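Visitor: Hi! Could you walk me through this one?
Guide: Happy to, here it is.

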Amino acid sequence: ADTGEQLDALDRGDPGHLGDARVCAVDEPVERGRLGMCGLLDTYPATA
């Protein structure tokens, strides 16, 4: 639902929600080489 609302806002030319964006970085994954659907992947902690 949130994605649909954001896409509708962009379609109307309203990019206001992009002001809430942020960038974060994690130095190292918490797990390397975990089996995924299409191969191996590294996992990172979820952040809020």
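**Contacts and strands**

Guide: Let's start with H17, which touches Q6, A9 and L10, where a contact means heavy atoms within 4.5 Å and residues up to four places away in sequence are not counted. This is a predicted model, where local features need pLDDT of at least 70, side-chain atom pairs count only at pLDDT 80 or more, and totals for chains, interfaces and linings use all residues. Residues are numbered from 1 along each chain as its sequence is written, and side-chain values use heavy atoms, with hydrogens and water left out.

Visitor: Where does H17 lie?
Guide: H17 is in the loop between helix 1 (2-11) and strand 1 (31-36). Helices (H or I, at least four residues) and strands (E, at least two) are DSSP runs, numbered from the N terminus.

Visitor: And how far apart are the C-alpha atoms of H17 and Q6?
Guide: They are separated by 7.2 Å, with the two residues 11 apart along the chain.

Visitor: New topic: what about T43, buried or exposed?
Guide: T43 is buried, at 15% relative accessible area. T43 sits in strand 2 (residues 39-43) and touches P29, V30, E31 and R34, again leaving out residues up to four places away in sequence.

Visitor: In which sense do strand 1 and strand 2 pair?
Guide: Antiparallel, over 4 bridges; pairing requires that DSSP finds at least two bridges between the strands. They form a hairpin with 2 residues between them, and G36 stands opposite G39 in strand 2.

Conventions. Buried means under 20% relative accessible area, exposed over 50%, partly exposed in between (1.4 Å probe, protein chains only).
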